[in-house]
Amino acid sequence: MTDIQWYPGHMTKAKRMMQEDIKLIDIVVELVDARTPLSSKNPDIDQLAQNKYRLIILNKNDLADPSVTSKWEAYYKEKGFFVACMDARKNTGMKAITDMIQEACKEKIERDRKRGIINRPIRAMIVGIPNVGKSTFINSYAKKACTKVGNKPGVTKGKQWIRIGKNVELLDTPGILWPKFEDQNVGLRLAYIGSINDNIIIKSEMAISFIEFLKNNYCNALKDRYNIECDKECHEILADIAIVRKCLLKGNEPDLDKAANLLFDDYRSGKLGRISLETP
Ligand code: G4P
C-alpha cells in the first residue's frame, strides 16, 4: 500500500492563529466525523484547549452506524467531554447545543454571577480538521438568531462574533486543525471519508483495503448496493463492481480506478448505508 503523507504548508500559521483565538473564548466546540471519531480528532487540540470547557460534536451522524456512534458517545462522556451527535446540514437540535454549552460552562456563569456579572454571553469557537462540517455547522447554528456582533473594544481587531440568542457568541471563523497520524490506518480512514487529498493514493489499492474492511464488518453493504457476494477476493469484488456499474475500458476490461471512485462516492454520500470505520 502506498504510504499516505500529509505536509500542509500553512499549518504552523493556522495553529498560531488558533492559539490566539482560543484566549478569547470560554468553550471549544470540536467537530469530528462520527464515522471515525478518533482518527478525525487532532490530538493537539487537547493541549491547545487546556483550561477551556469542551464539547465534542459527532457530526455526519446520518452516515455513521448508530450502534457504534452510541459507543463513541459513551466513550467521550467517560473522558469528561460534553457530547452531541448531529447532521449539521439540518438545523434541528441547535437549541440542545446551546443548552449543552450553558451546562458545560455553568461554573463560569455562576462565578460571573457572584461577581455581579449577569448575562454575559458564553464565547465559543468551532474547531476541527477539514471537511468535518465546520462551516455547515456554523451556518445552521447561526441561522435562527444571527446577529453579527462585529469588532468590540478590547477584543482583537477584525474578529467577528455571531450572537446566538442571548446566551452564546460564536467566533465566525472556525479553527482548522490538520489531521495528525503516524499510523497508516488512521490515514486510510481519513482518505475513505475524503478528509485528506486522496489524489496521492492509488485509488484501486485504497478501494481494495476498503473492500477488505467491508467484507469483515459490513458484508451486506456490497450485496445491497451492487448485488455482489462478499465471499470473493477483494480485487475480484472491485472488478465485479466495475462490471456491474459499467466502468469499462477499451476491450471491456474493468476500469478499476473508476470503480474505486464510484465506491467512495457511494460511501461518502451514504449510498452504501451507515458505516462506521472504527470502534472505541
Ligand atoms: P469544513 O468547514 O469542516 O471543511 O466542512 P464543510 O462545512 O465545508 O462540509 C464538508 C462537506 O460535508 C459538505 O459537503 C457538507 O455539505 C457536508 N456535511 C456537513 N455536515 C454534514 C452532515 O452532518 N452530514 C452529511 N451527510 N454531510 C455533511 P460537500 O459535498 O463538500 O458540499 P455540498 O455539496 O454539500 O455543498
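A salt bridge here is a side-chain nitrogen of Lys or Arg within 4 Å of a carboxyl oxygen of Asp or Glu. By that rule the protein has 25 salt bridges.

## Basis of the model

The model is predicted: local features need pLDDT of at least 70, side-chain atom pairs count only at pLDDT 80 or more, and totals for chains, interfaces and linings use all residues. Residues are numbered from 1 along each chain as its sequence is written, and side-chain values use heavy atoms, with hydrogens and water left out.

## Overall build

The protein has 11 helices and 8 strands. These are DSSP runs numbered from the N terminus, with helices being H or I of at least four residues and strands being E of at least two. The C-alpha trace spans about 75 × 35 × 30 Å along its principal axes.

Of the 280 residues in the protein, 48% are buried. Buried means under 20% relative accessible area, exposed means over 50%, and partly exposed lies in between (1.4 Å probe, protein chains only). The protein exposes about 14300 Å², and carbon and sulfur atoms supply 49% of this area. Accessible areas come from the Shrake-Rupley method with a 1.4 Å probe; for residues, only the protein chains shown count as cover. Among contacts with a separation of 6 or more, 69% join residues 24 or more positions apart, a contact being heavy atoms within 4.5 Å.

## Salt bridges within helices

In helix α4 (residues 94–104), Asp 99 and Lys 95 lie 4 residues apart, about one turn of the helix. Their side chains meet in a salt bridge with an N to O distance of 3.0 Å. Asp 99 is partly exposed, at 39% relative accessible area, while Lys 95 is exposed, at 60%.

Helix α5 (residues 106–114) holds Glu 110 and Arg 113, which are 3 residues apart and so separated by about one helical turn. The salt bridge between their side chains is 2.8 Å, N to O. Both residues are partly exposed: Glu 110 has a relative accessibility of 32% and Arg 113 has 48%.

## Other salt bridges

Glu 169 pairs with Arg 163 in a salt bridge whose closest N and O atoms are 3.7 Å apart. Glu 169 is buried, with 1% relative accessibility, whereas Arg 163 is partly exposed, with 26%.

Salt bridges also link five residues into a network: Asp 26, Lys 108, Asp 112, Arg 115 and Arg 120.

## Ligand surroundings

The ligand is surrounded by 16 residues, of which the closest are Asp 62, Asn 131, Lys 134, Ser 135 and Thr 136. The shell divides into 6 nonpolar, 5 polar and 5 charged residues. In this grouping Ala, Val, Leu, Ile, Met, Phe, Trp, Tyr, Cys and Pro are nonpolar, Asp, Glu, Lys and Arg are charged, and the others, Gly among them, are polar. Helix α6 (residues 134–143) provides the largest share of the shell, 3 residues.

An oxygen atom of the ligand is 2.7 Å from an N or O atom in the side chain of Lys 134. For Ser 135, the distance from a ligand oxygen atom to a side-chain N or O atom is 2.7 Å. At Val 132, a polar backbone atom is 3.3 Å from an oxygen atom of the ligand. Taken alone, the ligand exposes 710 Å², and the protein buries 60% of that.

How values were computed:
A residue is near a molecule or strand if one of its heavy atoms lies within 4 Å of it. A polar contact is a pair of N or O atoms within 3.5 Å; within protein, one must be able to donate a hydrogen and the other to accept it, and residues adjacent in sequence count only if both atoms are side-chain atoms.
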